Amino acid sequence: LYFTSNTFARKVEKLATLAWKPVGISPSHGYLLMIVLHEPGVTPTTLSQELHLTPSTITRLLEKLEEKKLIVRMVEGKVTSVFPTRQAK
């Protein structure tokens, strides 16, 4: 089961990488961006829970998407919200 599940995971990763290649972002960035597009104003905590990733990983992913001008983060008090840009749409 261990080896079979690892083989399956590698094959799924290859498929996801091929699927996102035309867009120019990794699958991790792509799936995060899909959530932001579907739910504008989502919080990093919600992204972390939905993607089953640590908050620090979410932060790194968001930073890369900001560099590519695909998202913007808005901070109000202690709450950070993530919105897609026009380019992302």
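Mentor: Helices, at least four residues each, and strands, at least two, are DSSP runs numbered from the N terminus. The model before you is a predicted one.

Trainee: How many helices and strands does the protein have?

Mentor: Read along the sequence, the elements follow the pattern α-α-α-α-β-β. The protein therefore has, by the definition of DSSP runs, 4 helices and 2 strands.

Trainee: What box do the C-alpha atoms of the protein fill?

Mentor: The box is taken along the principal axes. Its dimensions are roughly 45 × 25 × 20 Å.

Trainee: What percentage of the 89 residues in the protein is buried?

Mentor: A residue counts as buried when its relative accessible area is under 20%. In this protein of 89 residues, the buried share is 27%.

Trainee: Which elements give two or more residues to the largest nonpolar core?

Mentor: The largest nonpolar core has 16 residues, and those that touch the most other members are Leu-32, Leu-33, Val-36, Leu-47, Leu-62, Ile-71 and Val-82. The elements that supply two or more residues to this core are helix 2 (27-38) and helix 4 (55-67).

Trainee: With which residues is Leu-32 in contact, leaving aside its neighbours within four places in sequence?

Mentor: Leu-32 is among the core residues that touch the most other members. In helix 2, Leu-32 takes part in the meeting with helix 4, and it also takes part in the meeting with helix 3. Beyond its sequence neighbours, the contacts of Leu-32 are Leu-47, Leu-51, Ile-58, Leu-61, Leu-62 and Leu-65.

Trainee: Are helix 2 and helix 4 roughly parallel or roughly perpendicular to each other?

Mentor: The axes of the two helices come within 10 Å and cross at roughly 85 degrees. Angles of 65 to 115 degrees count as roughly perpendicular. Helix 2 and helix 4 are therefore roughly perpendicular.

Trainee: How do the residues of the contact of helix 2 with helix 4 divide, and how many are nonpolar, polar and charged?

Mentor: From helix 2 come Ser-28, His-29, Leu-32 and Leu-33, which meet Ile-58, Leu-61, Leu-62, Lys-64 and Leu-65 of helix 4. These residues divide into 6 nonpolar, 2 polar and 1 charged.

Trainee: Are helix 2 and helix 3 roughly perpendicular or oblique to each other?

Mentor: Helix 3 covers residues 44-51, and its axis and that of helix 2 come within 11 Å and cross at roughly 125 degrees. Roughly perpendicular covers 65 to 115 degrees, and roughly antiparallel begins over 145. The two helices are therefore oblique.

Trainee: Is the crossing in which helix 2 passes helix 3 left-handed or right-handed?

Mentor: In this contact, Tyr-31, Leu-32, Ile-35 and Val-36 of helix 2 meet Leu-47, Glu-50 and Leu-51 of helix 3. The contact residues divide into 6 nonpolar, no polar and 1 charged. The crossing of helix 2 past helix 3 is right-handed.

Trainee: Is Ile-25 buried or exposed?

Mentor: Ile-25 is found in the loop between helix 1 (2-20) and helix 2. Beyond four places in sequence, Ile-25 touches Trp-20, Gly-30, Leu-33, Lys-68 and Leu-70. Because its relative accessible area is 10%, Ile-25 is buried.

Trainee: What phi does His-52 have, although it is not a glycine?

Mentor: Most residues other than glycine have a negative phi. His-52 lies in the loop between helix 3 and helix 4 and is exposed, with a relative accessible area of 72%. His-52 has a positive phi of about 55 degrees.

Trainee: Is Lys-69 buried or exposed?

Mentor: Lys-69 is in the loop between helix 4 and strand 1 (71-76). Lys-69 is not a glycine, yet has a positive phi of about 60 degrees. Because its relative accessibility is 55%, Lys-69 counts as exposed.

Trainee: Is Thr-85 buried or exposed?

Mentor: Thr-85 is found in the segment after strand 2 (79-84). Its contacts beyond four places in sequence are Lys-69, Leu-70, Ile-71 and Val-72. Because its relative accessibility is 15%, Thr-85 counts as buried.

Trainee: Where is the place of Ser-81?

Mentor: Ser-81 counts as buried at 16% relative accessibility. Apart from neighbours within four places in sequence, Ser-81 is in contact with Gly-41, Val-42, Val-72, Arg-73 and Met-74. The place of Ser-81 is in strand 2.

Technical notes
Residues are numbered from 1 along each chain as its sequence is written. This is a predicted model: local features need pLDDT of at least 70, side-chain atom pairs count only at pLDDT 80 or more; totals for chains, interfaces and linings use all residues. Side-chain values use heavy atoms; hydrogens and water are left out. A nonpolar core is a set of buried Ala, Val, Leu, Ile, Met, Phe, Trp, Tyr and Cys residues joined through side-chain atoms within 4.5 Å. Buried means under 20% relative accessible area, exposed over 50%, partly exposed in between (1.4 Å probe, protein chains only). Contact means heavy atoms within 4.5 Å. Axes are lines fitted to C-alpha atoms, for helices over the stretch in contact, and angles run from 0 to 180 degrees between N-to-C directions. Angles under 35 degrees count as roughly parallel, over 145 as roughly antiparallel, 65 to 115 as roughly perpendicular and the rest as oblique. Ala, Val, Leu, Ile, Met, Phe, Trp, Tyr, Cys and Pro count as nonpolar, Asp, Glu, Lys and Arg as charged, and the others, Gly among them, as polar. A crossing is left-handed if the near helix is turned anticlockwise from the far one by less than a right angle, and right-handed if clockwise.
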